[in-house]
Amino acid sequence: MIQRKIDIQKVITTIILLAVSIFFLLPLFWMTSAAFKFEKDVMVFPIEWIPSSLNVIENFKAVWMAKIPFSLFYFNSLKLSIIMTLATVLFSSMAAFALTKLQFKGRNLMFGLLLSFMIIPEQATLVPRFLLLKWLGLYNTHEGLILMGMFSIYFTFLMRQFMLGVSNELIEAAKLDGAGYFTIFWKIVLPLCKPIIATVGIIKFIWTWNDYQNPLIFLIDKNLYPITLGMQLFKDDYADNYAILMMASLSAIIPLVIIFIILQKHVIKGISLGGVKG
Amino acid sequence: MKENIELTTEKPELLIKKTKWSNSRKEALVGWLFLLPELVGMLYLYVFPIVFSLIISFSEWNLVGGFSTIKFVGLENFQKMFQDEKVFMALKNNLFFTFLSVPTGMALALILAVIIHTKVYLKEYFKVAFFIPYISSIIAVGAVWSALYHPSSGPINMFLKSIGFEKTPLWLADPNYSLIAIIIISVWAIIGYNVIIYIAGLSNIPDELYEAASIDGASSIQKFFNITLPMLGPTNVFLFITLLIGSFKVFDLIAFLTDGGPNNTSTVIVFRIYEEGFRHFNMGYASAISWLLFIVVAVITLISWKIQKNKVHY
């Protein structure tokens, strides 16, 4: 009897929280609905949540076949995010391997040094990094932007924590079998680190995809823009056409929401590991 | 294994010693090799920038004039900074942002997390639903809010008018409301993150504590204040510090939506760096402001490390 009473309470709470969550997501529902409408219907009040007439194809065309098409921004974002994610995962796991599984003098000192850099906010180093790229001739190139985003102390730290838990026995056994360090890293340690690699990879991908500040400062050529800067162009060009702007927003958000829903366990775990964003 | 073959030509008693010696040498070499890319990265991402920005913060240098126009001016940039009304406003806005967004974001998230953790079905759905704004591009989301905030015909003001408000704020274009409008978006976007951190903290509290309290006849509210809240101490500290540091780094929404305005009412410290460095190309002055940001964030971080270290054995 008691069990049943608690259940009813739980059902009611669930229904209330469902309502709260829908209210919370209203801006995104509004965006989706506006992206399907004619501009004249967007600001109608009371809000037409379900559009009475659809203009989705024209809005889609306006975004995806614009002067500088959204597909180019998409391609740029995809390219940058994939390369920076792969590089960060590789370099972080290499460093973590050295910091956990190899014995050498100065190892702990290096780890302390890495940690101490964490107190430096990346915004405080924008000016010198901008100058560095200018001098290297990499200002306004994807290569320069990648150079600025392919290392992460935070992810190195997370990978190190995980690798500390990887058993040394397997490594010793492999050594006895005559395996070299590179084989041990590539064939034994990395496969055992799959869970943390997935977590770190997805979070780095999301952060890079959403990064606005670095491209804003290190890129000037519109053809090199990632989605976030592309959004800026749409906002300037379509200041009074919210239907098209909302189609652009929807296009920017959708792939990440899909990736997130599929891989939610990894994302949520990665965030719970105690992350500091950015 | 080439090495072993070469070594076998030596005398047996020497062999053991040499193999051991060269193995640890080799391990050290491999260790540094694996660490090398990361160290090179740190060199150009942190060591060079921090040293170089200190040097140029003591000079006057406009990039447009080229490197030859660099001029050493001592502490002038720092003097200018402390008299710069815009820097003062930026700091004030950062503090306002912190005081409003951090407690609100934490309190709302704590309530949601406690409810999601123990009191509802569909836990996984709720985690995902509240987390979606956080993974969405803040720029795309900012564009949505800019439409919602539209002064004359946006849904927010239309709603306010429909329930009887006659004078509605201009939101992003309103000197009194631009920063508040930005804070509302920021809190909305970060809540999912806070909820996830709180749920992680809540799942570390042993069930026995609640069971024991139930046997003693404690109410839900008593349990919350006597078990949940104290046990969440480290989580609260972590979240508070993360959000505090984050609030000094806020930039994206302001650059995208208000450009620091209207009339600098929503300018913040990072936006000042951006304005001076990348619009006016005053590299020296921008570096001086960067150092202000660096010191503020570094001090908060160092204090937080100390607190968190102590909190572990509470």
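Me: So a nonpolar core is a set of buried Ala, Val, Leu, Ile, Met, Phe, Trp, Tyr and Cys residues joined through C-beta atoms within 7 Å; how many residues has the largest one here?

Reply: This is a predicted model, and in it the largest nonpolar core has 160 residues, with Met246(A), Val144(B), Val195(B), Ile289(B) and Leu293(B) making the most contacts inside it. Helix α8 of chain B, which runs over residues 178-203, gives the largest share of this core, namely 14 residues.

Me: And what is Ile289(B) in contact with, apart from its neighbours in sequence?

Reply: Setting aside the neighbours within four places in sequence, Ile289(B) is in contact with Met81(B), Val87(B), Ile269(B), Arg272(B), Ile273(B) and Glu276(B).

Me: Let's switch to chain A, then. How many helices and strands does chain A have?

Reply: Chain A has 16 helices and zero strands. It is more spread out than a compact globule, because its radius of gyration is 24 Å, well over the 19 Å that the globule rule gives for 278 residues. Its C-alpha atoms fill a box of roughly 75 × 70 × 35 Å along the principal axes.

Me: What percentage of chain A is buried?

Reply: Of the 278 residues in chain A, 42% count as buried. As for its contacts, if you take those between residues at least 6 apart in sequence, 75% of them join residues at least 24 apart.

Me: Which domains is chain A divided into?

Reply: The assignment gives domain 1, covering 2-56, and domain 2, covering 64-272, and the C-alpha centres of these two domains of chain A lie 34 Å apart. Where they touch, nine residues come from domain 1 of chain A and seven residues from domain 2 of chain A.

Me: Which elements give two or more residues on the domain 1 side of chain A?

Reply: Those elements are α2 (26-35) and α3 (39-42) of chain A, and the largest share, four residues, comes from α2(A). By type, the residues on that side of domain 1 of chain A are five nonpolar, two polar and two charged.

Me: Where is confidence lowest and where is it highest in chain A?

Reply: Confidence in chain A is lowest in α3(A), with a mean of 82, and highest in helix α8 of chain A (residues 142-148), at 96. Over the whole of chain A the mean pLDDT is 89, and 96% of the residues reach 70 or more.

Me: How many residues does each chain give to the contact between A and B?

Reply: Chain B gives 73 residues and chain A gives 72 residues. On the side of chain B, the largest share is 19 residues from helix α2 (residues 12-57) of chain B, and that side divides into 53 nonpolar, 14 polar and six charged residues.

Me: What about the domains of chain B, where do they run?

Reply: Domain 1 of chain B is assigned to 2-45 and domain 2 of chain B to 77-311, with 49 Å between their centres, taken over C-alpha atoms.

Me: Last topic: where does Pro151(B) sit?

Reply: Pro151(B) lies in the loop between α6 (138-148) and α7 (155-162) of chain B.

Me: Is Pro151(B) buried, exposed or partly exposed, and why?

Reply: Pro151(B) is partly exposed because 14 other C-beta atoms lie within 10 Å, whereas a buried residue needs 20 or more and an exposed one has 12 or fewer. Beyond its neighbours within four places in sequence, Pro151(B) is in contact with Asn157(B), Leu170(B), Trp171(B) and Ala173(B). The C-alpha atoms of Pro151(B) and Pro169(B) are separated by 7.1 Å, with the two residues 18 apart along the chain.

Terms used:
Residues are numbered from 1 along each chain as its sequence is written. Chains are lettered from A and ligands numbered from 1 in the order in which they are written. This is a predicted model: local features need pLDDT of at least 70, side-chain atom pairs count only at pLDDT 80 or more; totals for chains, interfaces and linings use all residues. The radius of gyration is taken over C-alpha atoms; the globule rule is 2.2 Å times the number of residues to the power 0.38. Two residues are in contact if their C-beta atoms, placed from the backbone, lie within 7 Å. Domain bounds come from an automatic or database domain assignment. Ala, Val, Leu, Ile, Met, Phe, Trp, Tyr, Cys and Pro count as nonpolar, Asp, Glu, Lys and Arg as charged, and the others, Gly among them, as polar. pLDDT is the predictor's confidence in each residue, from 0 to 100. A nonpolar core is a set of buried Ala, Val, Leu, Ile, Met, Phe, Trp, Tyr and Cys residues joined through C-beta atoms within 7 Å.
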